[in-house]
Amino acid sequence: MVKWYSLTVSKAFTRLDSSAEGLSFFEAREKEKLFGLNVIQIGKKINPLVIFLKQFKSVLVIILVIAAIALFGIGMQSNDTNYIVDASLIALIVVMNGVFGFFQDFKAEKSIEQLKKMSQVKAIVKRQGKLIKIEAKKLVPGDVILIEEGSIVPADCKIVSAASLEVDESILTGESLPVSKTSPSLDEKTVLAERCNMLYMNTKAVRGKAEALVVETGMKTEVGKIAKQLQVIGKKPTIFETEIDTLGKKIGLEILVIIVFIAFVQFFVHAGNLVDILIISIALAVAAIPEGLPAVVTLSLALGTNKMLKKNALVRKLSVVESLGSVDVICSDKTGTLTAGRMRTRQAWLFGKDLSLDRRFVVKDQYKKAFDLMMEASVLCNNTKEINGKFAGNYTEIAFAEFASKHGYNKQMLEKKHKRLKEIAFSHERKRMTTVHEYEGKKKAFMKGATEKVLDCCNAYLEEGIKKTLTEKARAKILRKENEIASRGLRIISFAYKKTGEMALEKEIEKNMVFLGLLAVSDAPRKGVKEAITACKNAGIQVKMITGDKVTTAQAIAKEIGFEKTLALNGQDIESLTEQELKEKVEEVQIFARVEPKHKTMILKALQQNGHVVAMTGDGVNDAAALKNADVGIAMGIRGTDVAKEASDLVLLDDNFLSIVDAVKQGRTIFNNIRKFVNYLLTSNFAEVFVVFFASLVGVLPITPVQLLIINFVTDGMPALALGADPPTENIMQEKPKKKSEGVINKRLAWLIAAIGTKKTAVILTVFFIGLALKGLVVAQTMVFAAFILYEFNRVAVIRWQEKLGFFSNKWLVAAMLASLVILLVLIYSPVNTLLGLQPLGLFSWVILIAGTVFGWFSAIFITKHVVKWVPA
């Protein structure tokens, strides 16, 4: 591997068979054939068929498919179309569920593709000595490109020449402040973050310009190497996927045990034939499987994701929504997530006068002269440009221009009046910048830079509008003030000026300046973040800040946004700890500063080993591994790279921490709603299994497989789906997160399902045997069909009572239950009843059913009260 940063520019050109004039069009085409397109290959292209087939991996779905095939085989063998119709209905239900999940997953992946298309960049390249603009993907090693202020670097490059170039490399190194770039060769051992003669793909030039030689493209760039590593990291299933899979396997095992037992009884005790045994077995399988559950879960999650999208959170994977509700630690980036992601002028200091800019201020007359001059200096000694009403350029200079504009110092008007004659550019060595302007025939020089470097050029200062000699005492006072402000995590720039005559030499221009004051800038907290941090605390969620910034800056922001503790750990500290020591430290530390990508992964692993469910944010390619290994990986939609988005489970379209809190709230709501309809559906399935089981012991089938399917998918499915649309409860963000080991079915819910399911089994078997004795098998089966639907109304009412919710508080639930009742009556009293093996019921049958409903209500309330009282959740 060539270490381009250690080569001279001439050697790099020679190595790539290129020159300062760039490649010819022919050479570029030949190199494109050799090296390929300059693109990052992240994962495989979307395959709709693969996404669709993934919807059928569940054990429960596989059992239903086997049941459908068996019924179809029996129908074909016996020429009985009823079995073929039954098989077709089962197959239709399975396919419909698959279609629901497919469309949601496919839509999310297409949204990610659109985000990638929006982020495609152009490049200005030399071809045969002429500058042309091309798509960045057409660049090849040996191309010479032009980088300007605001450019996204399109490939890995070696700098040929640079003028005041500063580059934001945060997406690669985590460093929040721009770094200065130059062209000399470096030692071979130089680490990536210190390679000042290199430019890396996806970083951004925020100041100056450069000519650069493309040395690596596509998957051979630093970004490409990380993307390649990402492809070998398998994404583990979410907590919810594991729960549903475990539930499916348990139900599958129970079905197998019961079927074997029934087959034994039917074959050896009742001498039943194989077809009858198989039909009963299929009935048991259909009874045990909550066919509506996959569809209801999918649609409930889809409803949740649509609500989240309206609040700027794009969910890439449905099942991760429920995982959000379990999150008890959020590891968040600072820049752009907890903060606004842009510098803002926060404080001004004129000699002897503090001006806090976070609140309204008035400049008194004696300080007006110094303030006016400092505002002029901040606007004129400033290279930002105003484009379509917005400033573009260096982040700090933008902050000064915006602040001055807000207070009446218009940059365009001042520049028009004060013609710029000369600029002595900022450099990493000088740490200051000076400009000379002409106004009404007189000349002024303005300077800005690091305080010590500015003071080195000053022999006077302004105090209350009066020019005074800069003594050692005054200098010490200025430096003390700088240290005091800097201790709050602010970045400080000092300003000076002087009136001058004709000046030819730079060293003469920057002599005998008059010190004006300081302006302090920082990336201010986002609006509402402090309240969001408080909401997380009340919800039992720890928020930890992870940043590439220095400790003091991170602590200052943490204090401002309401972190109770500001104990910090930096990257070097993390590396010095043992695995056990780090596991202990991550529990007490809230701030991790000067963190590199590998440290993020170490922090994540330690938290997960401590039993936490962790949401991790990230925007750079360097965050990809941590995002993929997190329980919930959250990428930034605006600042985030394609690599980060591909590794994530969720993309914040506004890069805002508040959107994470909204997503957690939605996740908790969805989990609560899933628990409600699992309670509702599995109680019904419990009763269905044991009604079929006990009745089959005496040689009769109390309800057919198709009748069970209608109950499970249609009449049960609609109310269950409506339960999934319940709004969040008032105190949902005051509850503690559920434990990682706690599934949808906890101990209390298991008791409720078993107890109420047993009661329901007893009531429905009583109804069946009364109907069988007095009216015959078909009427008895119809009564059982009606009983299952009517008694589900009881179950919904009891769940609402238990949750302290009004029966009519969810209009969709009321509509779903009325629809179920209408469907019940249509199926019983319309010609379709013959297709389903049903028969119209008379008054006697309805009296028995209503009596069972009343008894069921009172007994369910009694059982629920005692289970809630005696069984812990």
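# Reading salt bridges, a helix and a pocket

User: At a relative accessibility of 8%, is Arg127 to be read as buried or exposed?

Analyst: Arg127 counts as buried, because its 8% lies under the 20% limit for that class. The model is a predicted one. Across the protein, buried residues account for 53% of the 873 residues.

User: With which residue does the side chain of Arg127 meet in a salt bridge?

Analyst: A salt bridge calls for a side-chain nitrogen of Lys or Arg within 4 Å of a carboxyl oxygen of Asp or Glu. Here the partner of Arg127 is Asp143, at 2.8 Å from N to O. Arg127 belongs to strand S1 (residues 122-127) and Asp143 to the loop between S2 and S3, so the bridge ties together parts 16 residues apart in sequence. Asp143 is also buried, since its relative accessible area is 0%.

User: Which parts of the chain does the pair Glu32 and Lys138 link?

Analyst: The contact itself comes first: Glu32 and Lys138 form a salt bridge whose closest N and O atoms are 3.1 Å apart. This pair links distant parts of the chain, with Glu32 in helix H2 (residues 25-35) and Lys138 in the loop between strand S2 (130-135) and strand S3 (144-147), 106 residues apart. Glu32 counts as partly exposed because its relative accessibility is 22%, and Lys138 is placed in that class because its value is 33%.

User: How many salt bridges are counted in the model, and which residues are linked in a network?

Analyst: The count comes to 28 salt bridges. A network of them links Asp354, Lys481, Glu484 and Arg488.

User: What is the volume of the second largest pocket, and which elements supply its lining?

Analyst: A pocket may be described by its volume, its lining and the classes of its lining residues. For the second largest pocket the volume is about 1,200 Å³. Its lining has 46 residues, of which Val191, Leu192, Ala193, Arg195 and Glu222 lie nearest the centre. At least two lining residues come from each of helix H6 (170-173), strand S7 (204-216), helix H7 (222-231), helix H21 (571-576) and helix H23 (597-609). H7 gives the most, with four residues. By class, the lining comprises 21 nonpolar, twelve polar and 13 charged residues.

User: What are the overall dimensions of the protein, and how many helices and strands does it have?

Analyst: Along the principal axes, the C-alpha atoms fill a box of roughly 120 × 65 × 50 Å. The protein has 33 helices and 26 strands. Of the contacts between residues at least 6 apart in sequence, 73% join residues at least 24 apart.

Key: Residues numbered from 1 in each chain as written. Predicted model: local features only at pLDDT ≥ 70, side-chain atom pairs only at ≥ 80, totals over all residues. Heavy atoms only, no water. Buried < 20%, exposed > 50% of the residue type's maximum accessible area, 1.4 Å probe, protein only. 1 Å grid on protein atoms, 1.4 Å probe; cavity = no way out; pocket = protein on both sides within 12 Å on 5 of 7 lines; lining within 4 Å. Points joined across faces, edges and corners; volume = space filled by probe spheres on them. Nonpolar A, V, L, I, M, F, W, Y, C, P; charged D, E, K, R; others polar. Contact = heavy atoms within 4.5 Å.
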